[in-house]
Amino acid sequence: MVYDYYASGAEDQWTLEENRNAFSRILFRPRILIDVSKIDMTTTILGFKLSMPIMIAPTAMQKMAHPDGEYATARAASAAGTIMTLSSWATSSVEEVASTGPGIRFFQLYVYKDRNVVAQLVRRAERAGFKAIALTVDTPRLGRREADIKNRFTLPPFLTLKNFEGLDLGKMDEANDSGLASYVAGQIDRTLSWKDVKWLQTITTMPILVKGVITAEDTRLAIQAGAAGIIVSNHGARQLDYVPATISALEEVVKAAQGRVPVFLDGGVRRGTDVFKALALGASGIFIGRPVVFSLAAEGEAGVRNVLKMLRDEFELTMALSGCTSLREITRDHIVTEWDAPKARPAPRL
Ligand code: FNR
């Protein structure tokens, strides 16, 4: 049940495969004979200095993967000099995660029908030292995840959604289908709209990243509504099936943002080459979801540290072999996509 919850996508899981496949259709145009003896992967995100543009996406209920759950992820992220995003539906609270020590952390927000719950939670995150809100906007209802329906997925009874424990919303009832889908139907606000993005800014000074944008139209609306950044995401292909891979939607969003706010990407990033491709298409950084829960299940904190190190090492190697010594040097000309067809393929001989 837990593996299926972590691994699955929605319905036919077409987008789940496409999130990976689309990366494999982007090829490199590496440059040679450039001194790559020193590679600088550091970057600044919302004013925070990071060791690399690889960050951790929010994934719910990490104690199902390992007893240390979000504690392990927080420690691994901080040791790697990068950002962890804590899910609203974490099995550790914002205060507990803060108690693991220093680190730059973002808080992912699901907006509940009861706005007092939301306001309280946002205040708690701010007090616990979280630096930004990632507002998830692609989940007015839960996507149809058929494995969860078959398994009657629910949070195991020895765990709680810790941030909501005191609010009597920390438990998930069993249902005839997905217990999580029922929880969302009962608690999450389907009326959420752009005006709420503005409302959120009246209750917090934290910058707001809008997570789940995949079109130019919504990019412009998000910036108008005061977003400090955009995360191109299809929720790891767990919401609407047959949306494009995030790497295919990225450039449209980057163009619409016109440099006014940073654009990030998550979905299907599994290799250093994927990180490079996203940056070449204009992302300021990427987030990983499943690699964190899988490595957590394998080896706890050591596992997450290792996954971050593997991606970091691969990304560094990709930079070196492409002739780039800093993130600034990664350009659109270092890759070729299927939508730049003339450059990609020689014209067919007639
Ligand atoms: C998620 N994701 C997610 N997103 C969010 O905003 N809040 C959440 O609580 C969760 N929970 C969650 C659980 C699990 C098990 C997965 C796999 C995903 C989506 C997540 O933040 C991110 O968008 C994707 O995971 C990125 O895709 P990859 O890296 O998993 O391919």
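Colleague: Which residue in S7 is the bridge partner of Gln108?
Modeller: That's Ala134. Strands here are DSSP runs of E with at least two residues, helices are runs of H or I with at least four residues, and both are numbered from the N terminus. Keep in mind that this is a predicted model, where local features need pLDDT of at least 70 and side-chain atom pairs count only at pLDDT 80 or more, while totals for chains, interfaces and linings use all residues. Residues are numbered from 1 along each chain as its sequence is written, and side-chain values use heavy atoms, with hydrogens and water left out.

Colleague: OK, in which sense do S6 and S7 pair, and over how many bridges?
Modeller: Strand S6 (residues 105-109) pairs with S7 in the parallel sense, over 4 bridges. Two strands count as paired if DSSP finds at least two bridges between them.

Colleague: What do S6, H5 and S7 make together?
Modeller: With helix H5 (residues 115-127), they make a right-handed β-α-β unit. Right-handed means that, with the strands pointing away from the viewer, the path from the first strand over the helix to the second runs clockwise.

Colleague: And which residue in S8 stands opposite Leu135?
Modeller: Val210 does. S7 and strand S8 (residues 208-213) run parallel, joined by 4 bridges.

Colleague: How many of the residues in S7 are buried?
Modeller: 5 of the 5 in strand S7 (residues 132-136). Buried is under 20% relative accessible area, exposed is over 50%, and partly exposed is in between (1.4 Å probe, protein chains only). Ala132, Ala134 and Thr136 are on one side of S7, with Ile133 and Leu135 on the other, so both faces are covered.

Colleague: New topic: which residue does UniProt list for "active site"?
Modeller: The unreviewed UniProt entry lists His235. UniProt positions follow the numbering used here, feature names are shortened, and annotations may be inferred rather than shown by experiment.

Colleague: Where is His235, and is that residue buried or exposed?
Modeller: His235 is in the loop between strand S9 (229-232) and helix H10 (246-257). His235 has a relative accessible area of 12%, so it counts as buried.

Colleague: What does His235 touch?
Modeller: Leaving out residues up to four places away in sequence, His235 touches Tyr110, Thr136, Asp138, Thr139, Arg145 and Lys211. A contact means heavy atoms within 4.5 Å.

Colleague: Last one: what's phi of Leu33?
Modeller: Near 55 degrees, a positive value in a residue other than glycine. Leu33 is in the loop between strand S1 (27-28) and strand S2 (43-45), and at 86% relative accessibility Leu33 counts as exposed.
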